[in-house]
Amino acid sequence: RHQLAIMNLQEALQIMKIDNGFSNLSLDTLKEKYHKMALIHHPDKNGNSIEAKEKFQKLGEAYELLKKELGTMNHTTASENDDPVFNNSGDGYSFFLNMF
């Protein structure tokens with residue numbers, strides 16, 4: 001039985017050909033890069049070989065992992081800065097506790 005190897009972030013960045021890591025990467029930029037690469041590497045444009053299908057699948061996995069990581073980073077930043085439950089004023093936290 002074939003086991004799937006778990007891709008790490010470094011591999012995902014390499015597959016997506018993102019050289020500067022997450023420093024200037026936005027979700028829009030990631031989506032744009034994925035769509036361009038998907039058009040180039042789509043199995044239909046590469047002989048429908050097993051290798052082409054595997055490469056395209058890896059591209060999709062890399063995109064999903066990076067998208068998830070960006071979402072987590074953005075959610076954490078937004079939560080800490082914008083969400084009253086996480087701000088340091090105390091009012092949001094008290095409000096949250098009083099809801100129960």
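Biologist: How many of the 100 residues count as buried, as a percentage?

Modeller: This is a predicted model, and in it 22% of the 100 residues count as buried. The cut-off for that word is a relative accessible area under 20%.

Biologist: What secondary structure does the chain have?

Modeller: It comes to 4 helices and 0 strands. Along the sequence the pattern reads α-α-α-α.

Biologist: How do you know that the span of helix 2 agrees with its number of residues?

Modeller: Helix 2 covers residues 27-41, which is 15 residues. The expected span is 1.5 Å times one less than the number of residues, so helix 2 should span 21 Å. Its end C-alpha atoms are 21 Å apart, and therefore the two agree.

Biologist: Which residues of helix 2 are buried, and which on the other side are exposed?

Modeller: L30, Y34, M37, A38 and H41 are buried. Seen down the helix axis, these buried residues fall within an arc of 105°, so they line one face of helix 2. On the other side, D28, K36, L39 and I40 are exposed.

Biologist: Why would residues a few places apart point the same way?

Modeller: An α-helix has 3.6 residues a turn, so residues three or four places apart point the same way.

Biologist: Why is the pairing of K36 and E32 called a salt bridge?

Modeller: The term requires a side-chain nitrogen of Lys or Arg within 4 Å of a carboxyl oxygen of Asp or Glu. For K36 and E32 the distance is 3.4 Å, N to O, so the pair meets the definition. Both residues lie in helix 2, 4 residues apart, about one turn of the helix.

Biologist: What is the distance between the closest N and O atoms of E64 and K67?

Modeller: They are 3.6 Å apart, which is within 4 Å, so this too is a salt bridge. E64 and K67 both lie in helix 3, 3 residues apart. E64 is at 42% relative accessibility, so E64 counts as partly exposed. K67, at 29%, is partly exposed as well. A search of the whole structure finds 2 salt bridges.

Biologist: Which residues have the most contacts inside the largest nonpolar core?

Modeller: That core has 15 residues, and those with the most contacts inside it are M16, I18, L30, Y34, L59 and L66. Helix 1, helix 2 and helix 3 each supply at least two residues of the core. The largest share, 5 residues, comes from helix 3.

Biologist: Which residues is L66 in contact with, leaving aside neighbours within four places in sequence?

Modeller: L66 is in contact with L9, A12, L13, M16, I18, F22 and L30.

Methods
Residues numbered from 1 in each chain as written. Predicted model: local features only at pLDDT ≥ 70, side-chain atom pairs only at ≥ 80, totals over all residues. Heavy atoms only, no water. Buried < 20%, exposed > 50% of the residue type's maximum accessible area, 1.4 Å probe, protein only. Arc of directions from axis to C-beta. Core = buried A, V, L, I, M, F, W, Y, C linked by side-chain atoms within 4.5 Å. Contact = heavy atoms within 4.5 Å.
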